[in-house]
Amino acid sequence: FENDEWHMINNGGYTVARTDKHVDSMSILVGGKIAISVAGKYGYTNTSMQIPENLPYDYASTFKNGVAAVKKGEKWALINSAEEMITDYIFDDVLLDEFGVCHNGGVVFVKKDGKYYMVNSSGAKITDQAFDNAYPFAGTHPAAVCIGGKWGFVGTDGQIKIEPQYEDARSFSIGLGGVCVDGKWGYINSSGSTRIDFQFEDCKPFASNGIAAVKEEGYWRYVQLLAFRN
């Protein structure tokens with residue numbers, strides 16, 4: 001962002017495209033699509049970074065694997081990379097990860113009639129299992145889901161992998177999932193065994209480089225998985 005313009009640069013740091021209008025926000029480039037917002041309205045541009053005259057959405061997520069979530073009024077829908085409707089505007093919510101992505105591991109969590117469900121890239125239910133709450137998948141690792149006030153983990157196939165038993169949880173990544181027991185957070189492995197003791201006030205999923213953000217004594221810091229290996 002420079003001189004009230006967004007720039008797209010190459011590996012050498014040179015500008016290869018820039019916006020032709022003021023833009024309030026801009027997502028990362030995925031699959032040739034960039035989600036943008038101008039004056040509270042959302043839409044998409046491409047690598048040309050030319051801004052459409054009419055932005056049709058009240059929110060637009062980042063594309064991943066050809067699927068994005070868009071909102072009009074109070075309802076959400078799924079669209080494909082051609083901005084064609086996968087579903088109608090029938091959802092009350094669509095879960096997004098920290099990158100603004102809804103489609104991870106081939107699954108989207110959507111909310112309807114007060115419950116979250118798993119749907120595939122065609123908008124069809126993967127399972128009839130309903131969840132009180134959930135966190136998006138990180139790749140194909142199990143995702144954290146809440147049933148009856150307790151948190152557990154579900155696979156991309158819709159099958160429960162670890163029964164709900166925790167106060168809170170974070171989706172698995174690189175083989176570890178964050179869980180909360182007696183107000184403290186730690187990490188478990190896919191069999192439910194404790195991998196990192198319950199010592200944190202909060203935690204985030206591990207990144208692919210083995211680093212995660214954890215909260216201790218009111219402050220966030222980074223830890224590396226290597227530090228917890230025997």
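These notes cover the strands, loops, cysteines and core of a predicted model.

1. Basis. The model is predicted: local features need pLDDT of at least 70, side-chain atom pairs count only at pLDDT 80 or more, and totals for chains, interfaces and linings use all residues. Residues are numbered from 1 along each chain as its sequence is written, and side-chain values use heavy atoms, with hydrogens and water left out.

2. Sheet β9-β10-β11. An open sheet is formed by 3 strands in the order β9-β10-β11, with antiparallel pairing. Strands here are DSSP runs (E, at least two residues), numbered from the N terminus. Two strands pair if DSSP finds at least two bridges between them. The edge strands are β9 (93-94) and β11 (115-119), each of which pairs on one side only. Strand β10 (residues 108-112) pairs with β11 in the antiparallel sense over 5 bridges. In that pairing, Lys112 is opposite Lys115 of β11.

3. Asp113. The loop between β10 and β11 holds Asp113. Its phi is near 55°, a positive value in a residue other than glycine. Asp113 is exposed, with a relative accessible area of 68%. Exposed means over 50% relative accessible area, buried under 20%, and partly exposed in between (1.4 Å probe, protein chains only).

4. Asp182. Asp182 lies in the loop between β17 and β18 (184-188). It is exposed, at 68% relative accessible area.

5. Sheet β12-β13-β14-β15. Here 4 strands make an open sheet in the order β12-β13-β14-β15, and the pairing is antiparallel. β12 (133-134) and β15 (160-166) stand at the edges with a single partner strand each, so one side of each has no neighbour in the sheet. Between β12 and strand β13 (residues 143-147), which run antiparallel, there are 2 bridges. Asn133 stands opposite Cys146 in β13.

6. Hairpin β21-β22. Strand β21 (residues 211-216) and strand β22 (residues 219-224) run antiparallel and are joined by 6 bridges. Ile211 has Gln224 in β22 as its bridge partner. The hairpin has 2 residues between its strands, and Glu217 takes a positive phi near 50°. In general, strands of a sheet pair through backbone hydrogen bonds, either parallel or antiparallel.

7. Thr62. This residue sits in the loop between β6 (59-60) and β7 (67-72). Is Thr62 buried or exposed? Thr62 is buried, with a relative accessible area of 5%. Leaving aside neighbours within four places in sequence, its contacts (heavy atoms within 4.5 Å) are Ser27, Ile28, Val30, Val67, Ala68, Phe99, Gly100 and Val101. A polar atom of the Thr62 side chain lies 3.2 Å from the backbone oxygen of Phe99. A polar contact is a pair of N or O atoms within 3.5 Å; within protein, one must be able to donate a hydrogen and the other to accept it, and residues adjacent in sequence count only if both atoms are side-chain atoms.

8. Ser173. The loop between β16 (168-169) and β17 (177-181) contains Ser173. Ser173 is buried, at 6% relative accessible area. Its side chain reaches the backbone oxygen of Phe206 at 2.5 Å. Not counting residues up to four places away in sequence, Ser173 touches Ala138, His141, Pro205 and Phe206. Ser173 and Thr140 are 33 residues apart in sequence and 8.5 Å apart in space, C-alpha to C-alpha.

9. Cysteines. How many disulfides does the structure hold? It holds 0 disulfides, a disulfide being a pair of cysteine sulfur atoms within 2.5 Å. The closest cysteine sulfur to that of Cys203 is in Cys180, 8.5 Å away, which is too far for a bond. Cys203 is buried, at 0% relative accessibility. Cys102 also counts as buried, at 2%.

10. Nonpolar core. The largest nonpolar core has 12 residues, among them Leu176, Cys180, Trp185, Phe200, Cys203, Phe206 and Val223. Such a core is a set of buried Ala, Val, Leu, Ile, Met, Phe, Trp, Tyr and Cys residues joined through side-chain atoms within 4.5 Å. β18, β19 (194-200) and β21 are the elements that give two or more residues to this core.
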